[in-house]
Amino acid sequence: MSGMYDLHTHTIHSDGDMLPIELIRRMAVLGYSTVAVTDHVDTSNATTILTSLAPVRESAQIFGVRLLCGVEITHVPPAQIAGLAKEAKAGGADIVIVHGETTVEPVAPGTNHAACTCRDVDVLAHPGILSIEDAMHAAKYNIALEITARAGHNRTNGYVVRVAREAGCQMVVNSDAHSPHDLLDERARFLVAKGAGLTDAECRDVLSLEIDRFLSS
Ligand SMILES: [Zn+2]
Ligand SMILES: [Zn+2]
């Protein structure tokens with residue numbers, strides 16, 4: 001059994017309210033062991049964001065949290081997603097997530113497909129009405145599908161669980177936090193998973209996923 005993780009959070013480096021270290025401190029107090037900071041990026045800022053975040057790894061370690069330096073590729077044309085994901089990994093990203101086709105924003109059609117067929121992508125966030133074909137690509141490339149706590153994006157959680165199960169995809173539960181009140185304590189995190197339709201056994205597996213192993217496989 002590994003500690004709690006959250007692989008999708010935002011800071012003042014995009015549209016969040018907290019400095020990275022405030023977010024980390026609050027997550028340490030909640031009992032998290034692994035937190036990915038994944039601010040919104042496009043082709044203008046991916047490298048800059050990763051460079052500025054890197055020194056916070058050490059501060060996070062002092063608070064007992066493993067910081068994963070990441071990005072969330074957001075509203076980028078699908079044809080440019082693979083290139084930007086590769087650039088982010090080359091620029092030091094521990095984790096690359098893609099802002100999927102949530103039903104509450106005009107995300108470009110084809111974004112889910114581009115993410116699910118890219119080896120440099122680790123998590124497809126809030127995928128909306130993801131096709132079974134794309135879910136099968138995600139399973140093949142070991143890309144996790146996100147079950148999200150975020151209001152609006154969470155409308156399709158039940159659907160995502162069904163497609164993920166059918167395709168055999170890894171699932172992860174993330175907050176997509178932008179503010180302190182978005183952070184999930186242990187019970188809230190369990191309820192997001194359970195509320196999305198996961199069985200108790202699936203909740204246990206998904207919520208205690210060993211992140212190192214997932215990211216290295
Ligand atoms: Zn945001
Ligand atoms: Zn996000």
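Is H10 buried or exposed? H10 is buried, with a relative accessible area of 0%; buried stands for under 20% relative accessible area, exposed for over 50% and partly exposed for what lies in between, with a 1.4 Å probe and protein chains only. The model is predicted, so local features need pLDDT of at least 70 and side-chain atom pairs count only at pLDDT 80 or more, while totals for chains, interfaces and linings use all residues. Residues are numbered from 1 along each chain as its sequence is written, chains are lettered from A and ligands numbered from 1 in the order in which they are written, and side-chain values use heavy atoms, with hydrogens and water left out.

Together with H8 (NE2), E72 (OE) and D176 (OD), H10 (NE2) coordinates the zinc ion (ligand 2), at 1.9 to 2.4 Å. Donors here are N, O and S atoms within 2.8 Å of the metal (3.2 Å for Na, K and Ca); water is not among the atoms, so sites may look incomplete. Along the chain, the spacing of these donors is H-x1-H-x61-E-x103-D. H10 lies in the loop between β1 and α1, and D176 in the loop between β7 and α8, so the pair ties together parts that are 166 residues apart in sequence. Helices (H or I, at least four residues) and strands (E, at least two) are DSSP runs, numbered from the N terminus. D176 is also buried, at a relative accessible area of 2%.

The angles among the four donor atoms of the zinc ion (ligand 2) run from 84 to 169°, and the site is irregular. Four donors count as tetrahedral if all angles lie between 85 and 135 degrees; four count as square planar and six as octahedral if opposite donors are over 155 degrees apart and all others between 65 and 115; anything else is irregular.

A separation of 4.7 Å lies between the zinc ion (ligand 2) and the zinc ion (ligand 1). The zinc ion (ligand 1) is coordinated at 2.0 to 2.7 Å by D15 (OD), D15 (OD), H40 (NE2) and H178 (NE2). Its site is irregular, with angles of 51 to 128° among the four donor atoms. The spacing of the donors of the zinc ion (ligand 1) along the chain is D-x24-H-x137-H. D15 lies in the loop between β1 (4–6) and α1 (20–30), and H178 in the loop between β7 (171–174) and α8 (186–195), so this pair ties together parts that are 163 residues apart in sequence. D15 is partly exposed, with a relative accessible area of 40%, whereas H178 is buried, at 8%.
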